Amino acid sequence: MAEAHPVGFQWVMEAKLRGAKVFHVDPRFTRTSALADTYLPIRAGTDIALLGGIVHYILDNQLDFREYVLAYTNAATIVSEEFADTEDLDGFFSGYDPGTEAYNQRSWQYAGQEDTTGYRAAHEERDVAAGLRHESHGIPVGGQVQRDETLQHPRCVYQLLRRHFARYTPEMVERTCGIPREKFLELARAWTENSGRERTGVLIYSVGWTQHSVGVQYIRTGAIIQLLLGNMGRPGGGVLALRGHASIQGSTDIPTLFNLLPGYLPMPHCTHHTTFTDWVDAIRHPGQKGFWSGARAFGASLLKAYWGDAATPENDFCYGYLPRMTGDHGTYQTVLNMIDGKVKGYFLLGQNPAVGSAHGKAQRLGMANLDWLVVRDLFMIESATFWQNSPEVETGEIVPEECRTEVFFIPAASHVEKEGTFTQTQRLLQWREKALDPPADARSELWFFFHLGRIIREKLAASDRHRDRPVLDLAWDYPTHGEHAEPSAEAVLKEINGYEVATGRPLSAFTEAKDDGSTVVGCWIYTGVYADGVNQAARRKSRHDQDWVAAEWGWAWPANRRILYNRASADPDGRPWSERKKYVWWDADRAEWTGYDVPDFEKTKPPTYRPPEGASGVQGLAGDDAFIMQGDGKGWLYVPSGLQDGPMPTHYEPAESPIRNPLYGQQANPTRKVYGHPVNSVNPSPPQSHTDVFPYVFTVSRLTEHHTAGGMSRMVSRLAELQPEMFVEVSPELAGELGLDHLGWAHLISGRAAIEARVLVTDRLTPLRLDGRVVHQVWLPYHFGREGIVTGDSVNDLFGITLDPNVLIQESKVGTCDIRPGRRPTGAALLALVDDYRRRAGLTGGRPPIVTTDAPEREG
Amino acid sequence: MGVKTFIQGWPVYRQLTGTDPLGRGAAAQSARSAALTARTETADHMARSVCPYCAVGCGQRVFVKDGQVTQIEGDPDSPISRGRLCPKGSASKNLVTSPLRQTTVRYRRPYATEWEDLDLDTALDMIADRVIAAREATWEDADEDGRPLNRTLGIASLGGATLDNEENYLIKKLFTALGALQIENQARI
Amino acid sequence: MIEANSLSGPLDPAPEAGWVDAPPRLGFFTDTSVCIGCKACEVACKEWNGVPDSGFDLLGMSYDNTGALTANSWRHVAFVEQPRPAGHRTAPFAGNPTGEAVSPASAAVAAGTAADTGTTPGMPAGQPAAAARMAGGPEFLGMPGAQPPGRGTGPESRTDFRWLMMSDVCKHCTHAACLDVCPTGSLFRTEFGTVVVQEDICNGCGYCISACPYGVIDQRKGDGRAWKCTLCYDRLGAGQTPACAQACPTESIQFGPVDELRERAAQRVAALHERGVPEARLYGHDPTDGVGGDGAFFLLLDEPEVYGLPPDPVVTTRDLPKMWKRAGLAALAMAAAAVAAFVGGSS
């Protein structure tokens, strides 16, 4: 955190000053470790084993916050008797279908709901990364469940969890993660001691956690611990994701993602969402509890925002205009399709996949097989110059004279040259004032897309074809201003917020959205950001003039709430758990919820409220159902539905690992997304043969001095001079084994590429002992590429493409490689080196097509 | 400047007649030093902004003088950052004023070995033509069972995590209307 | 009047330099125990003061690629990797299959790296032996062995480790030798008690370089003038905080009246001692030290030498009245160059 989010780290330092104990778990000793009380080196890719060890410790010693767990989690809920655990099936849950490499989740459901909930065709849900939809709300389950409040029922969640994690002992943690037992116990003790009415603990992760073939389950394990210890919805608690881009939260909420529409509404699927009603019901799941029951109003209001006057109740608000998914249309599948000549044009908007995405060669070959590429950036990045200056140009795999891709570089406006909102990592929207006009041809994205749309609409204006109606009917009349006709960002924000069609009155809350076409709402979870016609995200009341929650600085979704599920900060009766941890509580005199934050609960629903039989939606939430977006109103220790790889987290080895899974016969996540394309490959892992060809583990992350793929730091001299070269950090022990010298060179080889780096031999890296065997891991920064003030090889070139099955994010935090002293060869010799390794590792399949100068036309 | 003023401004005069006979402090202060003030004080205006790097969301104050950014520093009012910035945030002025910034359109023809210049309006028009053509060539009305698809898989986009919500909103809205599904950003990576 | 000006001992420097009704003396207290080594101070300083690049070389001195305070780097974050315990913290590598520590050897290798900072004397190659001592800490016995890093066959000994980080800066001495030797009046004492080079006056003679007991002052090539931290004199005049202190995420760099900072520093040391960090100590805070105390002082977690700081800095002009002659200055120049080299190899 000190390394990648230094200013956020000031709050950790504040906590330390107040006596908090800080533990840092990382494969390498970082600037965060330097300030932590205890540092735990871990083998990359084994976090579930570590966290599962904590779950085991909590349950084995009965250290859960029982009152919280009973009231607010699904610990007491009874699961189907058809369920079988990984303990029974050697690493599989019940329902696995080897044919589709996915689960039929019937047996995972709550008892009595086997026929109504859960993914049936999970492989289809995997292809559309369905897990992502649940960022704003829970997953469909029936509201009425069977419970055993004594937690003794053998199939209650609490007992299932105990059994599932029974073998995650301190010894197993040591064997799997390489974390010595005493260190583990120190962490376990400290974490569990900070639990209960008076105390909380917080778990902070950076989003490298998501870049694993089991990434979602990492976070799930953290959530289980935090629920067991009563650390959710309370001040000083939580699972905090430190995201790494200024508005990556915003770009998920208002998604530039293939499978989502704004506010986590799913992009319709061709077969599952044929009609508007199918689509809405798939979201709201009739019968479940919670606020998602308003899905029809959210959906109708979004379509009304898109197609304005053309969208009417009679035509289902132009639902028929929406494109339909049929499978995986994610960025990695798309890149493979590019290599195969199936994609004509590609826009890159402040993104540099030639350096930042896994398998750089695949990225660059994909771009080399397009008809045209539009790059919008501040600087001439590697993704714009792949045809001119790339490893493939060096090896002859891309020949500029034979590469047909037409490239447009369109300069972008910087953050000070346009106005608009970023949504930062705690869901807070902050409006930026514009300081000055962008230089020369530089323009905002708002300008570029508004005018691109305007021109396309003009060019298609005479069309009477069905396919062009969505373009021509689009509500695309934003007011513009200034010399360049810049669209009004505030007008767009108002549309995002939503308003009444008849009066133009901005809505104040998403509960005002209507399903009859009388409201427009561009992103329902953002409703309120323009309440009362005031840009709430632009609020800048000084921290000196308000309390510590600072509710009048910017605006957080939903409803300006700063801590989600904060009903849980009070006990079931609505009283603060303790004076010290007071946050939101029930004021009996005024018969309403009150506190420092906006209560995350119906304001006047008393803690004693119990829903009438058969109630659903909001009415179905009891006065102690603190997790109001969940289908059963509870925090989930066990996930009956919505995850691909199991209802409980399970340790699987990374797709590339030097060791055998110590816990199960199943080596890696059986549901991970794998691509069989010839450009892609996976280095062998046990029990496969030839695993000695790539004996070392490498992991990658950020340096304080650089940013992501380097486009905003390698080009900036102030930052470039601080970390001027690509390097690899190795332990003294590995340096000795390989003959690497401090400040000398080394090259690293995987089944995809070979890269070189300067060597830093440092005591900050350590070998790990696993089951008597020593495993070495090395670390590299992923910021370097061929352009800019400082340059170097890109470590993402080493990775292949294997994805998490829930969200289709790639495993790019751990892989295997070989390491040799000295610089890598160049040209044909470089290809020969990688080929030799591939041959020795038994990786079959030739290299992919290089450049298709005449790609076959796709059949329409 | 009168002779007297000139002489009074002469360091040796000040040294000999003032409180600083060794000439190490008040007497040694040059006219430039005496006139120095923070350029944030003399800026034409200040915009309240947010750091463009990671997602902590630190407040920034952007000072502008004569149409140039002259300083970007932390906003002390921010409850998130309390006026502080990391090295990247502190380098924001360098980011936006960098001489390496590409501020004009560049165009690479198919099979070309060099960039060439292109007018922005022309570029936009050409891109619009290419979007329409790619959509034409790859349009899918319905699947083999006649279920509607309304889409093109011939156009893809990547990016958005560094952009504004309003920008992402328009990007998604336009591409969705065009039937382009393969719209992705860093959140997938 | 002349007798009232002293060149040693405690005093309040601004009134001493002729400022009537001077504001309280302002300075920095840099608490290295909370430094996260982010280098925001380096960047914020360069951005505010328009300081040029200081070279794009990988130095291998841990994460320090700045190397030294120079005319082109007015803040410098030193990183020291040491196989030593840090306060009460659990040993980071206890239980791991580690061998002999490499920190001293890596530091020794890095000390041999010279880099062009665009300044002179800039950052000449340092002394491998001194660098190894720093990285090894006081208990380090002698030079790293003939073995290259990591090839030793020692016992499993490398369990403890700490990573020291420290943002160094001009000390704004109470008795500032640089100022005393400046023949042009370019260096002067401001009303805030700080020491500033006036760029419109400096003629590049370089006397100040040899005078500085800390090896801070340095000349910019092509320009010839001396440049260093001004404690953001322009910002102070406007009632603002210096750029580095304002940026510092963890309040490692604290800015304010020196009297207040000294109190705060004393409390911080006491608190650290109480919390089991006995190695915490102050550096440069003492008005009776060889330079009359520094306007920019530090809380360190090891001996000053480990951070490249002279253990007992003495104002090089204390005996100035007796030795005001060219030969003396030449000798001082040599002494200062040695200090600079020492700093260069510091981390």
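1. Starting with helix α7(A) in this predicted model: its buried residues pack against α3 and α5 (86-89) of chain A. The buried set in α7 (residues 157-164) of chain A is V157(A), Y158(A), L160(A), L161(A) and H164(A). Those residues sit on the same side of α7(A), because they cover an arc of only 165° around the axis.

2. Helix α3 (residues 47-60) of chain A packs with helix α9 (residues 181-193) of chain A at an angle of about 60°, the axes being 10 Å apart. That angle is why α3(A) counts as oblique to α9(A). As for handedness, α3(A) and α9(A) make a right-handed crossing.

3. Which residues meet where α3(A) and α9(A) touch? From α3(A) come G53(A), I54(A), Y57(A) and I58(A), and they meet F184(A), A188(A), W191(A) and T192(A) of α9(A). Sorted by class, this contact of α3(A) with α9(A) has 6 nonpolar and 2 polar residues, with no charged ones.

4. Over to the B–C interface. Here 32 residues of chain B are in contact with 34 residues of chain C. On the chain B side, α3 (31-35), β3 (68-74), α4 (87-90) and α5 (92-97) each supply at least two residues. Of these, β3(B) gives the most, with 3 residues.

Key: Residues numbered from 1 in each chain as written. Chains lettered and ligands numbered in written order. Predicted model: local features only at pLDDT ≥ 70, side-chain atom pairs only at ≥ 80, totals over all residues. Contact = placed C-beta atoms within 7 Å. Helix = DSSP H or I, 4+ residues; strand = E, 2+ residues; numbered from the N terminus. Axes fitted to C-alpha atoms, helices over the stretch in contact; angles between N-to-C directions. Parallel < 35°, antiparallel > 145°, perpendicular 65-115°, else oblique. Left-handed = near helix turned anticlockwise from the far one by under 90°. Nonpolar A, V, L, I, M, F, W, Y, C, P; charged D, E, K, R; others polar. Buried ≥ 20, exposed ≤ 12 C-beta atoms within 10 Å, placed from the backbone. Arc of directions from axis to C-beta.
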